[in-house]
2 protein chains.
Amino acid sequence: MENFLEIKKTKIFAEISENDMQAMAYCLKIKFANYNKNDTIVSQGTPAENVYLILKGGAKVENIDSRGDISIITKLKAGGVFGIESSYSGEEEYSEYLIATENSLVMIMNRHRLINPCQNKCKRHDIVVKNLVKLIVERNAELIEKLRLLSKKNTREKVLAYLYRQSSLAGAAYFDIPYNKTELANYLSVDRSALSTVLSKLKEEGIIDFDKKHYHIDINKININK
Amino acid sequence: MENFLEIKKTKIFAEISENDMQAMAYCLKIKFANYNKNDTIVSQGTPAENVYLILKGGAKVENIDSRGDISIITKLKAGGVFGIESSYSGEEEYSEYLIATENSLVMIMNRHRLINPCQNKCKRHDIVVKNLVKLIVERNAELIEKLRLLSKKNTREKVLAYLYRQSSLAGAAYFDIPYNKTELANYLSVDRSALSTVLSKLKEEGIIDFDKKHYHIDINKININK
DNA sequence: CTCAAAATGTTGTAAAAACAACACAATTTA
DNA sequence: TAAATTGTGTTGTTTTTACAACATTTTGAG
C-alpha cells in the first residue's frame, strides 16, 4: 500500500496490518497530499471535514484571535494529528490554522468515517478509535502542562519551568527544543525581547546555557535564588 | 436504584435505563459518599483508582505546585467528573486535589472497569464510554479556552476576554460567574489586588459593572480604547 | 445575634513586562 | 554568492504587575 511505511510508524495506525489498512483506506476516504514549507494546509474558519495525519515533515498549529494576535498552539512532527478534537465535538469549522513548517507528506481522512467505526468491512477500526482517544488524552495532558507554565507569575519562572520540563522529558541536562527564540516567546506568551533579556540573565547566572535550539540546564542551581 | 434520579441527570449516564444502571453498578464497583463543604475528596499524589462523579453539590479541582502555589484548575457542578483523563492515560497518582465547595453527594467508580467495557453483562457500557470521550473532548475545549485567556498580555485583556466569554455563554449582557474575586484572580493567574484595581478601573470607565458574582459587560465599549 | 474569619478595595513602592528602536548575525532564496 | 529576510540581543522608556499593608465589608459558624 502507498506510504504504508510511514503510516505504520504513527501512533494511530501502529497495530494495523497492511491488509487491514488497505481495507480502511477506502472506508476513511484516505487521500495523500504534499505541502511545501509555509504552505497553509488548513485555514482557520473553513468547514471541518477531515482529519490530517502528518506522515513526513512537520507542521505548526496556530490561532489568530480577533485582534490579529498570533499564538502558536503546538508543533506537530511526523505522526502528529490535526482535527480529531473538532471531529468528536462536532465543531463545524476549524478554529486553527495548520501550517507546514517543512516540506511535508500528509494523509487526509474523512473525520466522520474515522470516528464512527463500521463493523462490516474494516474490523480493526475500533483499535484506531481507541488510539485516537488515547491521543486526545495525551493532548489534554499537554494542554494542562502548558497551562501550568502560563500560570507562573513571571517570565523567568515560565522559562525555567519549560526548560526543566523539556530536560525531564529528554532525560538529560542537555536537550533540544522545537522552538527558536521568537517562537518560544509566542509559546510562552511573553514579549520576545523580554524573553531574550531573561534568557541572557539566566545564562549569566550560570543556571542555563544555550545555543540556537540547544539548551543546558543546571538543575542544582534552579532553586537557589527563589 | 439508589440515587438514580441524580445519576440520570448526568451527561455520562443520561441515556442509561435504571435496569442497565443496576447491572453496571456492580461491574463499576459503584459506591456513594457524602462530603461536607471544604472536605478533601481526593488528595494530590494518592494512588489513582477511581473516577468521581458529582451527583449533588459541587467541587473544585486544584493543583499545588512544588513551590506551594495554588491554582484552581476548574470548578465542577453536579454532573461533573474527576479522574477520567488519568484513567485513560494510566497515570498512577492523582495530580490534583478535588475539594468539595458545598455539601456534596459523590458517586465513586472503579476507573479500570469504567473505561474497559465488558461485553457480557452490562451491554450499555459502550454508550458510557462514548459519553466519556465526549466529556474529555469538552474538557479539551475548556482548557484551550483557558489557554486563550492566559495568553493575553495583561490583566485587563484577561478579565475582558473572560467576562466577554461568560457573557456569550450566558447569551446575555448580565450574568453570574462561579468565582469570587479571590478565586477569579487565581483562575486568571494574577495578583488579587491587581485584579481588583483593574476591575475598579473598568467599572469607572463604564465598560463593566459588578456586584459580588454578578456582572454586566457593555460589549459596545470593549474595543473603544484598544 | 455576635464575633471571628474571609473577602474586598485602595494605595504606595519596587520589580517586571511590554514596547519600540536598533545593530548585528544567521538563514534563505534568487 | 549576493541580497533580502528573518532571528537575536541590547537598551531606554512607559506601562503594568506583584507585593505588602491596611481599613472596611461581608460571610459564616456557633
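The largest share of the surface near DNA strand C, 5 residues, is supplied by α8(B); a residue is near a strand if its C-beta atom, placed from the backbone, lies within 6 Å of it. Helices are DSSP runs (H or I, at least four residues), numbered from the N terminus. This is a predicted model, in which local features need pLDDT of at least 70, side-chain atom pairs count only at pLDDT 80 or more, and totals for chains, interfaces and linings use all residues. Residues are numbered from 1 along each chain as its sequence is written, while chains are lettered from A and ligands numbered from 1 in the order in which they are written.

DNA strand C is surrounded by 18 residues, with N154(A), T155(A), D191(A), K181(B) and S200(B) the closest. Two or more residues each come from α6 (155–170) and α8 of chain A and from α7 (181–187) and α8 of chain B. By class, this surface has 4 nonpolar, 9 polar and 5 charged residues (Ala, Val, Leu, Ile, Met, Phe, Trp, Tyr, Cys and Pro count as nonpolar, Asp, Glu, Lys and Arg as charged, and the others, Gly among them, as polar).

Around DNA strand D there are 19 residues, of which K181(A), S200(A), N154(B), T155(B) and D191(B) come nearest. Here α8(A) gives the largest share, 5 residues. The surface near DNA strand D comprises 4 nonpolar, 9 polar and 6 charged residues.

Chain A superposes on chain B by a rotation of 180° with 0.1 Å of shift along its axis (RMSD 0.1 Å), fitted by least squares on the C-alpha atoms of residues with pLDDT of at least 70 in both. That is the relation of a two-fold axis.
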